[in-house]
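Subject: Structure for your files

Hello,

Here is the structure you asked for. My notes on what was found follow below it.

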4 protein chains.
Amino acid sequence: MAGVNKVILLGNLGADPEVKYLEGDNVVAKLRLATTESYKDKTGNRVEQTEWHDLEIWGALAKVAEQYLRKGSQLYAEGKIKTDSWQDEQGQNRYRTKIRVLSFTMLGGKPDGNDNQASPQQSTQQRPASAAPTSAPKAQEMVSDTEDDDLPF
Amino acid sequence: MAGVNKVILLGNLGADPEVKYLEGDNVVAKLRLATTESYKDKTGNRVEQTEWHDLEIWGALAKVAEQYLRKGSQLYAEGKIKTDSWQDEQGQNRYRTKIRVLSFTMLGGKPDGNDNQASPQQSTQQRPASAAPTSAPKAQEMVSDTEDDDLPF
Amino acid sequence: MAGVNKVILLGNLGADPEVKYLEGDNVVAKLRLATTESYKDKTGNRVEQTEWHDLEIWGALAKVAEQYLRKGSQLYAEGKIKTDSWQDEQGQNRYRTKIRVLSFTMLGGKPDGNDNQASPQQSTQQRPASAAPTSAPKAQEMVSDTEDDDLPF
Amino acid sequence: MAGVNKVILLGNLGADPEVKYLEGDNVVAKLRLATTESYKDKTGNRVEQTEWHDLEIWGALAKVAEQYLRKGSQLYAEGKIKTDSWQDEQGQNRYRTKIRVLSFTMLGGKPDGNDNQASPQQSTQQRPASAAPTSAPKAQEMVSDTEDDDLPF
DNA sequence: TTTT
DNA sequence: TTTT
């Protein structure tokens, strides 16, 4: 049966995106996103609880993330849950769950550091010139993974 | 900042719920849910990809799950992502991600086995009499976690 | 700023889809979907409240709806809210809100009538032969609007 | 059958909230929220399309909205669709759809006007003293409708 | 007008 | 380990 596997997150980045350029013009960006929930415990004290999420963004979307997202950025993201499993050296099953982001939009949060946004020059330097998007979306657009990418997952 | 951490799943149970009655009248039900996605690969062949999710349900909701859900049941669930982390014996960081279900509704899928639904007697036997819900929801209602439960997580 | 306008519905169809074939090979299917909520009022009585939604599905998705959905079908749908407004003959502002469905999946609900599913022959008769999908999705797949359709809305 | 009727919106307010204090300590806040979508048309031009939504917030949540939300505020909101219908003087069926907000969180967007947030004094003046919340949430918390309110809808 |  |  067709299923639904949908995640909606709104939070802040714990660090700048980590971007890797792979063979075949593939790109992946990894993000750490914190979602904080605040509630009152039974004694009436306000408690904050933060959950950290590993996000993975592929393709053209990853380049947008690289260009616009920074540590501290406030982000709305939609995606799906993916759990990798493997056996470690001790023969034990290991699991790691991440969110495959399919679309996101940057919100008003102010990123960390001096530049409130990386200059195109800067980020171009970190990647092959051929990877430069010909028509980059603006910073505050909803960008979507077209999923016509034939990535190996 | 207040965040959003929301998961929406629709799939089928891989096994009957595992229910544990804890001290202090707490109950937890653990479920394995499969969400299957079907798409065409680049050669035009239809491919099915199944993702397995660990669901955790607490309190009165867990009792409803115990009573009505079975291996094969089709389920719509909403909840949030929670990742537990700890150090194993080798001192390595270990992670396990689950979905804390906050509401669910059972869909038309036919559960496995002879009884299409566990009899109240059966499931009552597995738990302290005091835990019997005075006014159980019907099978196909949207049931919600009130979260006034002060559970330790 | 980029926004989010997302609707998630799970309910039953109040009638068969109404399908119209337009010029230029466009197709639109209109559905009426009921979502029922059940809760206890202050006197402890269980109350059911049903909300009716106007769904609109375009393109290839509409053809899938025509082929597989029937009065009574249980449906999970995602889409976005669209409100049309116009002035009536009295010069008053009129509004009508509908859900533009972008993907859906048919659930286990049993449709009405003798056939539990319209035969392809039947539904083909109602539309131009050229509109027949070359590779129709199966009934219980998640089908998505590609939105490369350049429709006038 | 239990259904799902869920709306997720992220956008900006077109005006300050309109708040009404009703008998029996009930409060309702009405908001106009714009969600903007941006895409490229077939000629490659970027097009912006804005959808306006009527939001309705009840009870304690309404008071938080009154206190913190302003024209221009960026808002994430969850709720459900409600359509009112009635007959007008000409005997015609009329419909009006709104979103009953069940939780929201204010994002980083800067509200319009001189004060970036209404002072408690200001907003207290507009309402009966008895309506003052004893322990107001902070501006950027996710606030939720408890729905134990027995409102007539 | 659906469903349980 | 589910489902179609």
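In this predicted model, strand 1 of chain A and strand 1 (residues 4–13) of chain B run antiparallel and are joined by seven bridges. Strands here are DSSP runs of E of at least two residues, numbered from the N terminus, and two strands count as paired if DSSP finds at least two bridges between them. In this pairing, Ile8(A) stands opposite Lys6(B).

On conventions: residues are numbered from 1 along each chain as its sequence is written, and chains are lettered from A and ligands numbered from 1 in the order in which they are written. Local features need pLDDT of at least 70, side-chain atom pairs count only at pLDDT 80 or more, totals for chains, interfaces and linings use all residues, and side-chain values use heavy atoms, with hydrogens and water left out.

Interface of chains A and B. Contact, meaning heavy atoms within 4.5 Å, involves 34 residues of chain A and 36 residues of chain B. The two chains bury about 3,000 Å² between them, 43% of it on carbon and sulfur atoms; this is the accessible area (1.4 Å probe) lost on being put together, summed over both.

Two salt bridges cross this interface, the rule being a side-chain nitrogen of Lys or Arg within 4 Å of a carboxyl oxygen of Asp or Glu. Lys80(A) forms a salt bridge with Glu37(B), with the closest N and O atoms 2.8 Å apart. Strand 1 of chain A gives the largest share of the side that touches chain B, eight residues.

Backbone. Most residues other than glycine have a negative phi. Asp25(A) is not a glycine, yet has a positive phi of about 65°. Asp25(A) lies in the loop between strand 2 (18–21) and strand 3 (27–40) of chain A. In chain C, Asp25(C) also has a positive phi of about 65°, and its place is the loop between strand 2 (18–21) and strand 3 (27–40) of that chain.

Regards

Conventions: Helices (H or I, at least four residues) and strands (E, at least two) are DSSP runs, numbered from the N terminus.
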